[in-house]
Amino acid sequence: MASQAMSPGNRALLIDSLESHAQSLSSILGFIEWGPLEWVPTIEDAIPLLQEASFSLLFIGENEAMERGRLYEQLRGLDQVMPVLFLLDEDVEATLPGSLSEGMLGHLTIPIKQTQLITQLEQAATYNKRRRKRSLRKDVSGLFPEMIGHSAAMNKVRQLMAQVADSDANVLILGESGTGKEVVAQCLHRYSSRKGNTFVPINCGAIPADLLESELFGHEKGAFTGAISSRKGRFELAEGGTIFLDEIGDMSLPMQVKLLRVLQERIFERVGGVKSITSNVRVMAATHRNLESSIEEGKFREDLFYRLNVFPIELPPLHERNGDIGPLVAAISEQLQEEGRPIATLMPSAIFALSQYRWPGNVRELSNLVERMGILYPNDE
């Protein structure tokens, strides 16, 4: 049965003193191939299971030792967010907790109707999906330790990174020069399913337009003057991994057409070659330019922009996260120390002074300053 609720990995727990309820519920869940049901008669039996395993859904039925409201509150102490459904006999007026609090989906009447159960399973699946997203947002501060700083702006970046890291979607990283766009790309690769393969960066703005095609796609022997042997391009070197196209906004229009073909068809040819080469590469691109303005000016192709802009991540300038300057100074100093280079210790008053500056060069400018202070005042405050 094609349904959001009928997905692998589902697992439910029933607390009910009546085995007949367990048999009925288990039979329906098995018929619709939702997932297994575990049954225990008392909350004492449920506690070790809830502590050791995670469940997609909790059913609360008959329990002679405790009324349902108190049982619900006690279980909430073990798991604050797991969705809960009550089983109620049609001819019994049972008392439920006073309000539909977090995770409480409602109730099913006994005998259980399959259509009613499926509706509730769909609600549970939707709830669990939202719960996972909320959990991800709460826990992002501990992700990507390479990204220094825990300001709200940086945690927002981490949240986006966590959502797209283990995907093959193209990522467009935006931000001013010096904000750390390549660090983001490296992190995304390192935490992706492609992490065992190569991460290949190339700065599109640093290579002359007439050489960029050869750099990206390689060339065959004799393709042009100086091509004394065949050579692989960056796309071949990145096969199975990730290619990072830095300063994509500086790429020439003819080259943009050729890149668009690779993104659309996943094939390319070396310069001077006729053999088509299949490409299995995740593409990440970055720019400090406003590509939408470049499109209006006719300097960037709109169709390429939409191909690259599947998942945009915008890095904030340093002056918008000046609370991160202290941790950044500490991290830069630690790196310099590991390289055997002198460092200066910046006092709190110095950190405060730095936080009042606008940092047009962003983290790169701050890194240069910390290095310069170490040279001028080695081992001094």
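Start with helix α13, residues 348-355. Its buried residues are I351, L354 and S355; buried means under 20% relative accessible area, exposed over 50%, and partly exposed in between, with a 1.4 Å probe and protein chains only. Look down the axis of α13: the buried residues fall within an arc of 100°, so they line one face of the helix. That arc is taken from the directions from the helix axis to the C-beta atoms. An α-helix has 3.6 residues a turn, so residues three or four places apart point the same way. Now turn to the other side of α13, where S349 and F352 are exposed.

A word on the model before moving on. It is predicted, so local features need pLDDT of at least 70 and side-chain atom pairs count only at pLDDT 80 or more, while totals for chains, interfaces and linings use all residues. Residues are numbered from 1 along each chain as its sequence is written, and side-chain values use heavy atoms, with hydrogens and water left out. Helices (H or I, at least four residues) and strands (E, at least two) are DSSP runs, numbered from the N terminus.

**Next: the neighbours of α13**

Select α12 (325-338) and α14 (362-376). The buried residues of α13 pack against both of these helices. Contact here means heavy atoms within 4.5 Å.

Two packed helices are described by the angle between their axes and the distance between the axes. Axes are lines fitted to C-alpha atoms, for helices over the stretch in contact, and angles run from 0 to 180 degrees between N-to-C directions.

Take α12 with α13. They pack at an angle of about 115°, with their axes 9 Å apart. Their crossing is right-handed; a crossing is right-handed if the near helix is turned clockwise from the far one by less than a right angle, and left-handed if anticlockwise. Show I325, G326 and V329 of α12 against I351, L354 and S355 of α13 to see the contact.

Now keep α12 and switch to α14. The two axes come within 10 Å and cross at roughly 55°. That makes α12 oblique to α14. Angles under 35 degrees count as roughly parallel, over 145 as roughly antiparallel, 65 to 115 as roughly perpendicular, and the rest as oblique. This crossing of α12 and α14 is right-handed. On the α12 side, the contact is made by I325, L328, V329, I332, S333 and L336. On the α14 side, pick V363, L366, S367, V370 and E371.

**Next: helix α7**

Move to α7, residues 209-217. Select L212, S214, E215, L216 and F217, which are buried. What covers them? The cover includes β7 (199-203), α8 (234-237), β8 (242-246), α9 (253-265) and β9 (267-268).

L212, E213, L216 and F217 in α7 meet M255, K258 and V262 in α9.

**Next: E236**

Go to E236 in helix α8. Is E236 buried or exposed? It is buried, with a relative accessible area of 17%. Leaving out residues up to four places away in sequence, E236 touches F217, F268, R270 and I277.

Select C187 and C204. C187 counts as buried, at 1% relative accessibility. C204 is buried too, with a relative accessible area of 3%. How many disulfides are there? The count is zero, taking a disulfide as a pair of cysteine sulfur atoms within 2.5 Å.
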